[in-house]
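Hi everyone, thanks for making time. Let me put the model up on the screen, and then we can walk through it together.

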Amino acid sequence: MNKYKDKVVLVTGASRGIGKAIANKFARQGAFVIGTATTQASADIISKNITADNFTGIGLVLNIADKLSVDEFGNKLKELDAPNILVNNAGITRDNLLMRMKDHEWEEVVNTNLSGMFRVTKLCIRSMMKQRYGRIINISSVVGLSGNSGQSNYSASKAGMLGFTRSLAIEVGSRGITVNAVAPGFISTEMTDELNDEIRDSILNQIPLARLGHPEEIANVVDFLSTDESAYITGQTISVNGGMYMG
Ligand code: NAP
């Protein structure tokens, strides 16, 4: 399918989980996909996965928490066509109750999830403004809306992404660029594999659809937000959470 022919899509954190599903979805539909990982080995696997299926794209190394790494990535990006679609997906958790939370647990999460998104978006925004076209989709989280015990760092970073989304949407709307966020609920990935059975059961009890989501169910919404069909949607947060939080 050639829905994204001539489109270049940058997906951060495309080595596994939700980012991998998003990268695959775009590659299958004809985009040139730039998928990132923090190590060369994982970046090579992304390249292999994409090209093995005769799709087009490349895996590149990027640590969004490290300004130097972002600068180096920016230089590599200049050798490619500029992204028209940016999916800020890379993110981490360092869960702890606030009483016990170490400074580094707070700083790593905010520096990766929130400042990392800022750094990568700055790399892409100028060329989108020139093209007078762009789609930016930020992967936030249900806990950025609802809060969650043990995740004050993570939920603060994910709520911050929503404020950023709305502000940037106002700044760049007149240039044909839309900026939206997707707030996944609990999705079956390595991030949620870490949960013990007790926590998993208590989460399932809070989900009206009584199951975890699949990464592809997030990719489907990112896909929609990247098309012309969604051209009048900007500054919004779309929840994909099985009904877990309806606020
Ligand atoms: P995951 O399986 O843990 O994958 C995280 C991805 O982010 C990996 O590709 C990882 O790359 C990359 N990454 C981590 N730190 C990075 C850094 N400093 N710089 C660049 N890339 C980095 O996570 P996931 O479950 O798919 O989650 C993806 C996004 O959805 C995250 O933003 C997460 O907060 C959000 N989310 C997930 C859920 C869920 O239930 N899974 C729910 C709500 C929101 P490496 O492989 O190189 O480490």
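Before we look at any helix pair, one definition: a helix axis here is a line fitted to C-alpha atoms over the stretch in contact, and angles run from 0 to 180 degrees between N-to-C directions. Please also keep in mind that this is a predicted model.

With that in hand, take helix 1 and helix 9, which is residues 215-225. Their axes are 8 Å apart, and the two helices pack at an angle of about 50°. The crossing of helix 1 past helix 9 is right-handed.

Now a second pair. How do helix 4 and helix 6 lie relative to each other? Their axes come within 8 Å and cross at roughly 20°. Angles under 35 degrees count as roughly parallel, and helix 4 and helix 6 are therefore roughly parallel to each other. Here, too, helix 4 passes helix 6 in a right-handed crossing.

Let's move to the ligand. How many residues surround it? There are 29, and the closest are S15, T38, N89, Y154 and T189. By type, that shell divides into 14 nonpolar, 13 polar and 2 charged residues. Helices 1 and 6 come back at this point: helix 1 (17-28), helix 6 (152-172) and helix 7 (190-193) each supply at least two residues of the shell.

Y154 has a side-chain N or O atom 2.5 Å from an oxygen atom of the ligand. On N63, a polar side-chain atom lies 2.8 Å from a ligand nitrogen atom. I18 uses its backbone instead: an N or O atom there lies 2.8 Å from an oxygen atom of the ligand. As for the ligand's surface, on its own it has 890 Å² of accessible area, and the protein covers 92% of that.

Last stop, the backbone. Most residues other than glycine have a negative phi. You will find R132 in the loop between helix 4 (103-131) and strand 5 (134-139). A210 sits in the loop between helix 8 (197-204) and helix 9, which takes us back to the helix we started with.

That's my tour; happy to take questions.

Key: Residues are numbered from 1 along each chain as its sequence is written. This is a predicted model: local features need pLDDT of at least 70, side-chain atom pairs count only at pLDDT 80 or more; totals for chains, interfaces and linings use all residues. Side-chain values use heavy atoms; hydrogens and water are left out. A residue is near a molecule or strand if one of its heavy atoms lies within 4 Å of it. A polar contact is a pair of N or O atoms within 3.5 Å; within protein, one must be able to donate a hydrogen and the other to accept it, and residues adjacent in sequence count only if both atoms are side-chain atoms. Accessible areas come from the Shrake-Rupley method with a 1.4 Å probe; for residues, only the protein chains shown count as cover. Helices (H or I, at least four residues) and strands (E, at least two) are DSSP runs, numbered from the N terminus. Ala, Val, Leu, Ile, Met, Phe, Trp, Tyr, Cys and Pro count as nonpolar, Asp, Glu, Lys and Arg as charged, and the others, Gly among them, as polar. A crossing is left-handed if the near helix is turned anticlockwise from the far one by less than a right angle, and right-handed if clockwise. Angles under 35 degrees count as roughly parallel, over 145 as roughly antiparallel, 65 to 115 as roughly perpendicular and the rest as oblique.
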